[in-house]
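Subject: Structure handover

Hi,

Here is the structure I promised to pass on.

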Amino acid sequence: MAPSTSSALTLHINGEKHTLTVDHRTTLLDALRERLDLTGTKKGCDQGQCGACTVLIDGRRAVSCLQLAVAAEGREITTIEGVADGDRLHPVQQAFLDLDGLQCGYCTPGQICSALGVIEEHAAGWPSAATTDVRPEAGVPELTAEEIRERMSGNLCRCGAYVSIVQAVAEAARAEKESV
């Protein structure tokens, strides 16, 4: 008897459990969009290079086009649909609106999810390729425009809204730091 090529799994997405049966080769992106109608996460290159499909898995950024749905079982997944608090936008979303961090909007969900990860990684003291002093005793580096550009470099914007995106991430990080 041939082994089954599909599995029933439960995905924890935006605080809700979703049980579905998927082919083992189904990406998380396709499960979100085609099976669960969570279409905020966009399919761009389908090769992990553009970042349009970025979601948070257990609070860390991941390109969902390269993540198999079966590998995400039991992990907490946050998509753009789960970022706001009801009708109240998350500070990152609000900063993107206030500072025109979007043009056509296609990449915006992935940009926002990535920005959430960037702010968290920076606050935790994780260095980037732009961090000049990576010694632990140096502490958390300043979140400069250069740091933001480097940390957000996996998310492409075909409209070229990068200047506003960097400003929005900086403003959201400032607002989050002040609220703590």
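Of the 180 residues in the chain, 42% are buried, where buried means under 20% relative accessible area, exposed means over 50% and partly exposed is in between (1.4 Å probe, protein chains only). Bear in mind that this is a predicted model: local features need pLDDT of at least 70, side-chain atom pairs count only at pLDDT 80 or more, and totals for chains, interfaces and linings use all residues. Residues are numbered from 1 along each chain as its sequence is written, and side-chain values use heavy atoms, with hydrogens and water left out.

Now the overall layout. The chain has five helices and five strands; helices (H or I, at least four residues) and strands (E, at least two) are DSSP runs, numbered from the N terminus. Starting from that end, the order of elements is β-β-α-β-β-β-α-α-α-α. The chain is as compact as a globular protein of its length, because its radius of gyration is 17 Å, close to the 16 Å from the globule rule for 180 residues. (That radius is taken over C-alpha atoms, and the rule is 2.2 Å times the number of residues to the power 0.38.) Along the principal axes, the C-alpha atoms fill a box of roughly 60 × 35 × 30 Å.

Next, the sheet. Its five strands form an open sheet in the order β2-β1-β5-β3-β4, with mixed pairing; two strands pair if DSSP finds at least two bridges between them. At the edges are β2 (16–23) and β4 (60–63), each pairing on one side only. From one strand to the next, the twist averages 40°. Strand β1 (residues 6–13) pairs with β5 in the parallel sense, over two bridges, and Ile-13 stands opposite Ile-77 in β5. Helix α3 (residues 108–123) packs on this sheet and touches β3 (54–57), β4 and β5, its direction making about 40° with that of β3. Axes here are lines fitted to C-alpha atoms, for helices over the stretch in contact, and angles run from 0 to 180 degrees between N-to-C directions.

Thr-79 counts as buried because its relative accessible area is 0%. Leaving aside neighbours within four places in sequence, Thr-79 is in contact (heavy atoms within 4.5 Å) with Ile-13, Asn-14, Leu-32, Thr-41, Val-55 and Cys-113. The side chains of Thr-79 and Glu-81 are also joined by a polar contact of 2.6 Å. A polar contact is a pair of N or O atoms within 3.5 Å; within protein, one must be able to donate a hydrogen and the other to accept it, and residues adjacent in sequence count only if both atoms are side-chain atoms.

Finally, the charged pairs. There are 10 salt bridges in the structure, each being a side-chain nitrogen of Lys or Arg within 4 Å of a carboxyl oxygen of Asp or Glu. One of them links Asp-46 to Lys-43, with the closest N and O atoms 3.8 Å apart, and a network of salt bridges takes in Asp-30, Lys-43 and Asp-46. Arg-88 bridges to Asp-85 at 3.7 Å, and both of these residues are exposed. Within helix α5 (residues 162–179), Arg-174 and Glu-171 sit three residues apart, about one turn of the helix, and their salt bridge has its closest N and O atoms 3.3 Å apart.

Cheers
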